[in-house]
Amino acid sequence: MLKAHHKTGLVFFPAFDWAIDPTHPEREERLLYTQDQVIEEGIFDISGIMEYKPEIVTNQDIRRAHFCVPSEKAITTESHLISAGGAKAIADAVLNKEVKNGFALVRPPGHHAMRVSHGGRGFCHINIEAIMVEYIRSQFGVKKIAIVDTDCHHGDGTNDIFWHDPDVLFISLHQDGRTMYPGTGFPGELGGPNAKGSNLNIPLPPGTSTEGYLYVIRNCVLPVLEEFKPDLIVNSAGQDNHYTDPLTNMNFSAQGYAKLTTLLKPDIAVLEGGYSIEGALPYVNLGIILAMAGLDYSGVVEPDFNPERLKQSVSITDKIKKTTDLVNSYWHQKDELRQKAGKPGELQIRHREIFYDTDNIFERQKEKIRICQDCGGCFEKNSNATPGRHILAVHIPINACKACIEAGYNFFDQADKSKFDKIFLQDRPKDTYQTK
């Protein structure tokens with residue numbers, strides 16, 4: 001019997017009862033073909049590969065990462081709760097040392113769902129990686145976590161949730177936002193004033209091939225991870241940068257994904273996007289599984305794979321090298337940038353407009369954060385959705401200092417209830433959640 005190099009856990013959840021519509025790219029067939037391929041290849045017959053069943057996340061799990069408006073029940077279905085629960089189940093298996101690493105092959109996806117969620121954006125309602133990460137931090141006391149998002153679309157939701165958190169390093173490799181939804185994720189988007197450099201965004205030009213992706217991993221991502229020294233590495237393993245994907249313009253391959261996984265060595269991978277249901281997902285997911293288990297993946301090749309046709313141009317290579325150099329320079333300036341962000345105790349304000357393309361909601365947001373040299377800083381978000389509710393959401397970070405805990409409670413206590421439909425308080429040090 002073939003034996004894995006080490007124990008690897010898998011969770012499958014195709015979400016049979018959830019789709020935006022029956023012909024939408026984000027539908028159950030995304031994982032059914034993969035499941036068939038995995039069974040056909042005898043993956044579950046390999047000693048050391050273990051299948052886990054997904055859990056169902058609780059409101060408490062969601063409330064560590066989100067303010068759901070008007071409530072968790074209003075913006076989720078059972079499928080969303082089980083998808084996030086699949087990631088949670090793999091986290092338990094890895095953190096309890098039942099397996100060395102694990103891959104949650106679940107849907108619906110989550111990386112476009114932000115800290116405040118009024119509904120669906122980019123097929124996402126709640127952020128399954130963020131919910132999992134916050135669960136790990138609360139239940140297992142893990143301090144430093146790196147999330148590397150390799151989905152073709154910028155992981156703007158994860159970017160938002162950890163924008164002010166110096167202990168979570170978020171790195172997103174994605175197709176240039178000038179050519180792709182959600183239109184964000186540029187190198188200058190580095191994180192909030194207390195966490196500059198903990199968000200690294202690496203936009204890649206359309207036509208980027210395996211060569212370009214692996215260049216960025218080797219020359220930027222791995223050196224940054226080596227310096228950050230995370231206790232845990234999570235891969236948001238979106239597969240819509242495959243050369244056959246109908247929604248994107250990249251030239252990545254199953255072999256490229258497997259090599260990326262070998263280089264990155266994620267403790268946990270969670271499926272995000274990927275809409276080439278027959279041409280890509282069965283091969284890419286198989287390659288990732290084999291790479292995570294330390295097995296030979298050289299035979300995992302798409303039927304129409306032609307490396308000559310997928311080569312990137314010299315101009316694309318030059319653009320990627322320049323972007324990589326720029327991102328590296330920002331990373332090396334992070335301490336200086338944080339020092340210059342403002343005086344401790346000052347409040348910094350940021351205005352944003354957010355469109356929920358799935359649910360046709362427009363949100364105006366005013367964020368106020370306390371500048372702090374000792375922690376991520378408490379903040380409040382004044383969020384008004386059309387159609388929808390007007391809420392105030394206060395967050396006290398898990399690493400909060402005494403001054404930020406006090407300031408966060410002041411934000412909450414002094415908020416005028418007559419001006420808002422609801423006021424929320426997320427106290428991460430106590431792992432509590434209040435509303436009024």
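Colleague: Leaving aside neighbours within four places in sequence, which residues is I202 in contact with?
Modeller: This is a predicted model, with residues numbered from 1 along each chain as its sequence is written. Local features need pLDDT of at least 70, side-chain atom pairs count only at pLDDT 80 or more, totals for chains, interfaces and linings use all residues, and side-chain values use heavy atoms, with hydrogens and water left out. Contact means heavy atoms within 4.5 Å. On that basis, I202 touches I171, S172, L173, H174, G185, V216, C220, V221, T323 and V327.

Colleague: Which members of the largest nonpolar core touch the most other members?
Modeller: A nonpolar core is a set of buried (under 20% relative accessible area, 1.4 Å probe, protein chains only) Ala, Val, Leu, Ile, Met, Phe, Trp, Tyr and Cys residues joined through side-chain atoms within 4.5 Å. The largest has 58 residues, and the ones touching the most others in it are I43, F103, L169, L173, I202 and V221.

Colleague: Which strands are at the edges of the sheet?
Modeller: Strands are DSSP runs of E, at least two residues, numbered from the N terminus, and two pair if DSSP finds at least two bridges between them. Eight form an open, parallel sheet in the order β2-β1-β4-β10-β9-β6-β7-β8. Pairing on one side only marks the edges, β2 (47-52) and β8 (199-204).

Colleague: What stands opposite F103 in β10?
Modeller: Strands β4 (residues 101-106) and β10 (residues 268-271) run parallel, joined by three bridges. Facing F103 there is A269.

Definitions and conventions. Buried means under 20% relative accessible area, exposed over 50%, partly exposed in between (1.4 Å probe, protein chains only). Helices (H or I, at least four residues) and strands (E, at least two) are DSSP runs, numbered from the N terminus.
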